[in-house]
Amino acid sequence: MSLLGFALALVLAYGAWGALAIAMDRHYADIHGRGAEPEPALRRRMRGLGTLGIGLTFAVTVRMQGWTIGPVACLGVLAIAGVLQVLSLTYVPARMPAYARWSAYAAAPLAVLWLIDSGG
């Protein structure tokens, strides 16, 4: 597993968990104040982005490790990103959306670097 590929999978997974957390009432209220709820359109968009992020994490790990180890590596990366997300929501909930957004921004350059490094 290359370092760039692992970093790409990790930022995709962290961004995905962040999007899914924002779609939940409890975490949205932790971030935006008691009683706040996400609008239905935001909730659908965040669920879609979270699902896309998890799917892309799966695709990256399977491309790096193959079909025998890739799904297991995906679960490991998702677990690591989940722990980081839990720590973010516990200790700095107001900053978590910014962390998730920046991890999504970092995914594009990491993907380009990873594709160049892996040969296409």
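Author: Let us start with Ser 103, which is found in helix H4; here a helix is a DSSP run of H or I with at least four residues, a strand is a run of E with at least two, and both are numbered from the N terminus. This is a predicted model, in which local features need pLDDT of at least 70 and side-chain atom pairs count only at pLDDT 80 or more, while totals for chains, interfaces and linings use all residues. Residues are numbered from 1 along each chain as its sequence is written, and side-chain values use heavy atoms, with hydrogens and water left out.

Reader: Why is Ser 103 called buried?

Author: The relative accessible area of Ser 103 is 8%, and buried means under 20%, exposed over 50% and partly exposed in between (1.4 Å probe, protein chains only), so Ser 103 counts as buried.

Reader: How do you know whether Ala 111 is buried or partly exposed?

Author: Ala 111, also in helix H4, has a relative accessibility of 22%, and it therefore counts as partly exposed. In sequence Ala 111 and Leu 8 are 103 residues apart, yet from C-alpha to C-alpha they are 6.3 Å apart in space.

Reader: What makes Cys 74 a buried residue?

Author: Cys 74 lies in helix H3 and has a relative accessible area of 4%, so it is buried. Leaving out residues up to four places away in sequence, Cys 74 touches Thr 57, Phe 58 and Thr 61.

Reader: What makes a group of residues the largest nonpolar core, and which members touch the most others?

Author: A nonpolar core is a set of buried Ala, Val, Leu, Ile, Met, Phe, Trp, Tyr and Cys residues joined through side-chain atoms within 4.5 Å. The largest one has 25 residues, of which Leu 8, Ile 22, Val 60 and Met 96 touch the most other members. Helices H1 (3–22), H2 (25–32), H3 (40–91) and H4 (96–118) each give two or more residues to this core, and the largest share, ten residues, comes from H1. Ile 22, found in helix H1, is buried because its relative accessible area is 12%. Apart from neighbours within four places in sequence, the contacts of Ile 22 include Tyr 28, Met 46 and Met 96, while those of Met 96 include Tyr 14, Ile 31 and Leu 89.

Reader: How do you know that the end-to-end distance of H1 agrees with its number of residues?

Author: The expected span is 1.5 Å times one less than the number of residues, so the 20 residues of H1 should span 28 Å, and its end C-alpha atoms are 28 Å apart, which agrees. H1 is also largely enclosed by the rest of the structure, because 14 of its 20 residues are buried.

Reader: What makes the nonpolar surface patch, and how big is it?

Author: Ile 80, Val 83, Leu 84, Leu 87 and Tyr 91 make a patch of about 490 Å², with accessible areas from the Shrake-Rupley method and a 1.4 Å probe. Patch residues have over 30% relative accessible area and no salt bridge, with like charges joined within 9 Å and nonpolar side chains (Val, Leu, Ile, Met, Phe, Trp, Tyr) within 5 Å; a salt bridge is a side-chain nitrogen of Lys or Arg within 4 Å of a carboxyl oxygen of Asp or Glu. Leu 84, in helix H3, has a relative accessible area of 36%, so it is partly exposed.

Technical notes
Contact means heavy atoms within 4.5 Å.
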